[in-house]
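Please read it alongside the sequence and the coordinates shown here.

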Amino acid sequence: MRFAAMMDPADQWLVYDRSTDLPAEARDGLLIGLSQAEAERLAQEANIKEILLRRAALPLRRGDTRDRRQISREESRA
């Protein structure tokens, strides 16, 4: 999992991005100063989004180099 909830030295919770070794960011800014429940929920949601994005980029069939988003765009044009 890329994102994890963790407690900072000030005993507040944050969502940590393991790929950057920094607090995770959202539209509203850094995900810091959270309650434990908020941090755990946001980390779980971020991990689910990450998994869904990876799946969307996988080919539908072996040997097909197009990803799901590309195939969807091509089908909508037809």
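## Nonpolar core

The largest nonpolar core has 8 residues, namely F3, W13, V15, A24, L31, L34, A39 and A43, where a nonpolar core is a set of buried Ala, Val, Leu, Ile, Met, Phe, Trp, Tyr and Cys residues joined through side-chain atoms within 4.5 Å. At least two residues of this core come from each of β2 (13–17) and α1 (36–56); helices (H or I, at least four residues) and strands (E, at least two) are DSSP runs, numbered from the N terminus. Buried is used for a relative accessible area under 20%, exposed for over 50%, and partly exposed for values in between, with a 1.4 Å probe and protein chains only. In soluble globular proteins, nonpolar side chains tend to be buried together.

## Basis of the model

The model is predicted, and local features need pLDDT of at least 70, side-chain atom pairs count only at pLDDT 80 or more, and totals for chains, interfaces and linings use all residues. Residues are numbered from 1 along each chain as its sequence is written, and side-chain values use heavy atoms, with hydrogens and water left out.

## Overall fold

The secondary structure of the chain comes to 2 helices and 5 strands, which follow the pattern β-β-β-β-β-α-α along the sequence. Of the 78 residues of the chain, 23% count as buried. Among the contacts in the chain with a separation of 6 or more, 22% are accounted for by residues 24 or more positions apart.

## Sheet and helix

An open sheet of 3 strands has the order β1-β2-β3 with antiparallel pairing, and its edge strands are β1 and β3 (22–23), each of which pairs on one side only. Two strands pair if DSSP finds at least two bridges between them, and 5 bridges join β1 to β2. Within this pairing, M7 stands opposite W13 in β2, while M6 stands opposite L14 in β2. The hairpin of β1 and β2 has 5 residues between the strands, and in this hairpin D11 takes a positive phi near 60 degrees.

Helix α1 lies across β1 and β2 and runs at about 165 degrees to β1, with axes fitted as lines to C-alpha atoms, for helices over the stretch in contact, and angles taken from 0 to 180 degrees between N-to-C directions. A5, which lies in strand β1 (residues 3–7), touches W13, L14, A39, E40 and A43, not counting residues up to four places away in sequence. The C-alpha atoms of A5 and E40 are separated by 5.1 Å, although these residues are 35 residues apart along the chain. A5 counts as partly exposed, at 27% relative accessibility.

The 21 residues of α1 should span 30 Å at 1.5 Å a residue, and the end C-alpha atoms of α1 are 30 Å apart, which agrees; the expected span of a helix is 1.5 Å times one less than its number of residues. The buried residues of α1 are A39, A43, N47, E50 and A56.

## Salt bridges

There are 4 salt bridges, a salt bridge being a side-chain nitrogen of Lys or Arg within 4 Å of a carboxyl oxygen of Asp or Glu. D17 forms a salt bridge with R2, in which the closest N and O atoms are 2.8 Å apart. Because D17 lies in strand β2 and R2 in the segment before β1, this pair ties together parts that are 15 residues apart in sequence. D17 is buried, with a relative accessible area of 6%, whereas R2, at 27% relative accessibility, counts as partly exposed.

The side chain of R2 also meets that of E50 in a salt bridge, at 3.2 Å from N to O, and this pair links distant parts of the chain, with R2 in the segment before β1 and E50 in helix α1, 48 residues apart. A further salt bridge joins the side chains of E50 and R54, at 3.7 Å from N to O. Being 4 residues apart in helix α1, E50 and R54 are separated by about one helical turn, and R54 counts as exposed at 52% relative accessibility.

Technical notes: Contact = heavy atoms within 4.5 Å.
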